[in-house]
Amino acid sequence: MNPPRALFVDYPLGHTAGRPGQPDEQLKIVGEALRLLHTETGSGAIRQIALSWPEPWKSGARDRDHSRTIRLDAPQYERAADRLAHE
Amino acid sequence: MSDPSVYDPEPVDYIAQTRQTYSRLGYEPYRWATHGRSVELARPEKPLSLCRVALVASGGIYRVGQVAFHHRDDTSHRKIPGNTHTDDLRISHFAYDTTAARRDPNVVFPIEVLRRLASDGTIGSLAPDALSFMGGIYSQRRVKEELIPALAADLAAMAADVVLLVPV
């Protein structure tokens, strides 16, 4: 990735646009990202948003298990009913 | 100064982790996609309040009725209408904990957030479709030759002024 402008959210993986059920926080993150468009930056600038996760999480993220899982090439539905909805 | 046991300002070094993992597994070193030059900075020609914004997300989001992503170098993408209710969004991804995203898809696919920004006039409009794909593709060539041209064609067809990329 080499985006022209980026906003870094220092949250656990899977929370790029904020915490679940926190629409105002999500709005702050997305709004701040979009405002970078009209902010004078150099190409490739990465700005960090002033938010911190409410509890310690990084030691777990640093120690997580990186062993490979088997990756299947059949559709991986979240719910069984989704398969029926598609068919 | 904040208590370091609560607030640790040092980012998690995922690059070092990946190097270690590959080494531990006996794989050849991971090869990141790199670009020899920086991207030319496009300056917006109009205010955000007049821009059509498109959402592109790599968190494996699909809409009920669509085929789910598979987990083995899936270079397809889904077009998700901008008015889709979040109850109809699903998440399928092998490389991150999807618990939060399944509870509230906005955390990786902020479609309701963008609708709010459109209705309060912060952005001009939301592009008709948001685009999503499965990020874990271990072939740079296939990303470049298959996925990226398809996304770019859809974005151009929708005449998006601004693209918000939400990676996971």
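Mentor: First a definition: two strands pair if DSSP finds at least two bridges between them. Strands (E, at least two residues) and helices (H or I, at least four) are DSSP runs, numbered from the N terminus. This is a predicted model, in which local features need pLDDT of at least 70, side-chain atom pairs count only at pLDDT 80 or more, and totals for chains, interfaces and linings use all residues. Residues are numbered from 1 along each chain as its sequence is written, with chains lettered from A and ligands numbered from 1 in the order in which they are written.

Trainee: Which residue stands opposite Arg5(A)?
Mentor: Ala45(A) in β2(A) does. Strand β1(A), residues 5-8, and strand β2(A), residues 45-48, run parallel and are joined by four bridges.

Trainee: On to the interface. How many residues of chain B are in contact with chain A?
Mentor: 55, against 45 residues of chain A; contact requires C-beta atoms, placed from the backbone, within 7 Å. The largest share of the chain B side, five residues, comes from α3(B).

Trainee: Where is Gly82(B)?
Mentor: Gly82(B) is in the loop between β3(B) and β4(B). Among the residues that Gly82(B) touches are Ile111(B) and Pro128(B). Gly82(B) lies 11 Å from Val53(B), C-alpha to C-alpha, although 29 residues separate them in sequence.

Key:
Two residues are in contact if their C-beta atoms, placed from the backbone, lie within 7 Å. Lists of a residue's contacts leave out its neighbours within four places in sequence.
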